[in-house]
Amino acid sequence: MGEFPLRSPSAKVGGIFHFGRMLDKIRLHAEGRLLAEYQANLGKGFDGSCVKFLGVDYGELVERVKNGGSDEETLSWCLERGCRPSEREIQVWNEFMRKLGWNDDVSETLKRRKKEGGLEDRSDIETMFQFIDADEGREIATSNL
């Protein structure tokens, strides 16, 4: 299959988890190349959490991405229009996102998704980030929970 077209949610843009992955999904969707299984959650889930964290509207972000520009330029646009989180706020956001699914209200969703994906025997998958990476064929990061 080659390299998966979406980057890992743990890949950072401007120090922020998931932002680059969200941009990948927006771009692929605009080009008509986003897999159907990803389309239902556009702007929701992690995407919705990310735009809320940055204080921008998802629809406006989509329009900005369609107008072109690098990931960094798009992030700068978000920081100018929304809020500019401090380094500490970004650290808290990243740690919250990185650990989702580990002993929290997302744990049952993770368990269900692992079963649906045929990964229920993988005890090394403890978070949603790890599940996404494994499900998309990437090596998962060793747990530091």
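## The largest cavity

The largest cavity of this predicted model is lined by Phe4, Pro5, Leu6, Leu28, Arg33, Leu34, Leu35 and Tyr38, where a cavity is a set of points, on a 1 Å grid over the protein atoms alone, at which a 1.4 Å probe fits but cannot get out, and lining residues have an atom within 4 Å of a point. It holds about 30 Å³ of space, a volume being the space filled by probe spheres set on the points, which are joined across faces, edges and corners. A search of the whole structure finds one cavity of 30 Å³ or more.

By class, the lining of the largest cavity has seven nonpolar residues, no polar ones and one charged one, with Ala, Val, Leu, Ile, Met, Phe, Trp, Tyr, Cys and Pro counted as nonpolar, Asp, Glu, Lys and Arg as charged, and the others, Gly among them, as polar. Residues are numbered from 1 along each chain as its sequence is written, and side-chain values use heavy atoms, with hydrogens and water left out. Because the model is predicted, local features need pLDDT of at least 70 and side-chain atom pairs count only at pLDDT 80 or more, while totals for chains, interfaces and linings use all residues.

## The largest pocket

About 520 Å³ of space lies in the largest pocket, a pocket being an open set of points with protein on both sides within 12 Å along at least five of seven lines. Its lining consists of 18 residues, of which Lys25, Asn41, Arg113, Met128 and Ile132 lie nearest the centre of the pocket.

At least two lining residues come from each of α1, α2 (36-39), α3, α7 and α8; helices here are DSSP runs (H or I, at least four residues), as are strands (E, at least two), and both are numbered from the N terminus. The lining of the largest pocket divides into six nonpolar, four polar and eight charged residues.

## Helix α8 and what covers it

Helix α8 (residues 128-135) has seven of its eight residues buried, so it is largely enclosed by the rest of the structure; buried means under 20% relative accessible area, exposed over 50%, and partly exposed in between, with a 1.4 Å probe and protein chains only. The buried residues of α8 are Met128, Phe129, Gln130, Phe131, Ile132, Asp133 and Ala134, and what covers them includes β2 (16-17), α1 (19-30), α3, α6 and α7 (107-116).

Leu119, placed in the loop between α7 and α8, is buried at 12% relative accessibility. Leaving aside neighbours within four places in sequence, Leu119 is in contact (heavy atoms within 4.5 Å) with Lys114, Ile125, Phe131, Ala134 and Asp135. After α8 comes Gly137, whose phi is positive, near 85 degrees.

## Aromatic pairs and the nonpolar core

Three aromatic pairs are found in a search of the whole structure, rings of Phe, Tyr and Trp (its six-membered ring) being paired if their centres lie within 6.5 Å, with planes under 30 degrees apart counted as stacked, over 60 as edge-to-face and the rest as tilted. The rings of Phe53 and Trp93 have centres 4.7 Å apart and planes at 5 degrees, so this pair is stacked. Because Phe53 lies in helix α3 (residues 45-54) and Trp93 in helix α6 (residues 87-99), the pair ties together parts that are 40 residues apart in sequence. Phe53 is buried, with a relative accessible area of 17%, and Trp93 is buried at 7% relative accessibility. One aromatic cluster is formed by Phe17, Phe46 and Phe129.

Not counting residues up to four places away in sequence, Ile16 touches Ala11, Phe53, Leu54, Leu75, Ile90, Trp93 and Asn94.

## Positive phi in two loops

Most residues other than glycine have a negative phi. His18, in the loop between β2 and α1, has a positive phi near 75 degrees and is buried, with a relative accessible area of 1%. Asn103, in the loop between α6 and α7, has a positive phi of about 55 degrees although it is not a glycine, and Asn103 is exposed at 67% relative accessibility.
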